[in-house]
Amino acid sequence: EDFTKVEMKTGRITSVEDHPDADKLYIITIEDGPNSSRTVCAGLKGLVGASDLLGLNVVFVANLKPRKLRGVMSEGMLLAAEDVEGKVSVLTIGNEIAPGSIVR
């Protein structure tokens, strides 16, 4: 029941920048629909290279309340997995699908 409250969508990462006031955060722009995008701050710096993120079709949580992280408004959360050795992988979509598609 709680799981159904989480709204997950697909999106395409269109830009990745270092956060100016945080050592571990990227400022990521996600295309989340036709002519629509959102900003997400993600604690992936040092774990995943910025160039490796650019262009990925990702899964993100879309219905979180926007929150300022070190002065930058974050409008969602990327989903990622971490193994026992600390390797991190961002959840991606293998097939081409329209940004903003609902994940069920």
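**Labels and their criteria**

Tutor: Let us begin with Asp32, which lies in strand β2 (residues 26-33); strands (E, at least two residues) are DSSP runs, numbered from the N terminus. The model is a predicted one, in which local features need pLDDT of at least 70 and side-chain atom pairs count only at pLDDT 80 or more, while totals for chains, interfaces and linings use all residues. Residues are numbered from 1 along each chain as its sequence is written, and side-chain values use heavy atoms, with hydrogens and water left out.

Student: Why is Asp32 called buried?

Tutor: Buried means under 20% relative accessible area, exposed over 50%, and partly exposed in between (1.4 Å probe, protein chains only). Asp32 has a relative accessible area of 12%, and is therefore buried.

Student: What makes the approach of the side chain of Asp32 to that of Arg38 a polar contact?

Tutor: A polar contact is a pair of N or O atoms within 3.5 Å; within protein, one must be able to donate a hydrogen and the other to accept it, and residues adjacent in sequence count only if both atoms are side-chain atoms. The side chains of Asp32 and Arg38 make such a contact at 2.8 Å. A polar atom of the Asp32 side chain also lies 3.3 Å from the backbone nitrogen of Ser37.

Student: Which residues does Asp32 touch, leaving out those up to four places away in sequence?

Tutor: Contact means heavy atoms within 4.5 Å. With that exclusion, Asp32 touches Thr10, Ser37, Arg38, Phe60, Pro99 and Gly100.

Student: What is noted about the turn between β2 and β3?

Tutor: The two strands form a hairpin with two residues between them, and Asn35 in that turn has a positive phi of about 55°. Most residues other than glycine have a negative phi. Arg70, which is not a glycine either, also has a positive phi of about 55°; Arg70 is placed in the loop between β5 (67-69) and β6 (72-74).

Student: Why are Asn35 and Arg70 called exposed?

Tutor: Asn35 has 86% relative accessibility and therefore counts as exposed. Arg70, with a relative accessible area of 58%, is exposed as well.

Student: Why is Ile93 called partly exposed?

Tutor: Its relative accessible area is 26%, so Ile93 belongs to the intermediate class. Ile93 is found in the loop between β9 and β10 (102-103).

Student: Which residues touch the most other members of the largest nonpolar core?

Tutor: A nonpolar core is a set of buried Ala, Val, Leu, Ile, Met, Phe, Trp, Tyr and Cys residues joined through side-chain atoms within 4.5 Å. Of its 16 residues, those are Ile13, Ile28, Ile30, Leu44, Leu53 and Leu78. The largest share, three residues, comes from β2. Beyond its neighbours within four places in sequence, Ile28 is in contact with residues including Ile13, Val40, Leu53 and Leu78.

Student: Why is Ser74 called buried, and what does its side chain reach?

Tutor: Ser74, in strand β6, has 6% relative accessibility and therefore counts as buried. Its side chain reaches the backbone nitrogen of Cys41 at 2.9 Å.

Student: What is the volume of the largest pocket, and which residues are the closest to its centre?

Tutor: On a 1 Å grid over the protein atoms alone, a pocket is an open set of points where a 1.4 Å probe fits, with protein on both sides within 12 Å along at least five of seven lines; lining residues have an atom within 4 Å of a point. A volume is the space filled by probe spheres set on the points, which are joined across faces, edges and corners. The volume here is about 290 Å³. Of the 17 lining residues, Cys41, Leu69, Ser74, Gly76 and Met77 are the closest to the centre. β3 gives the most to this lining, with three residues.

Conventions. Helices (H or I, at least four residues) and strands (E, at least two) are DSSP runs, numbered from the N terminus. Two strands pair if DSSP finds at least two bridges between them.
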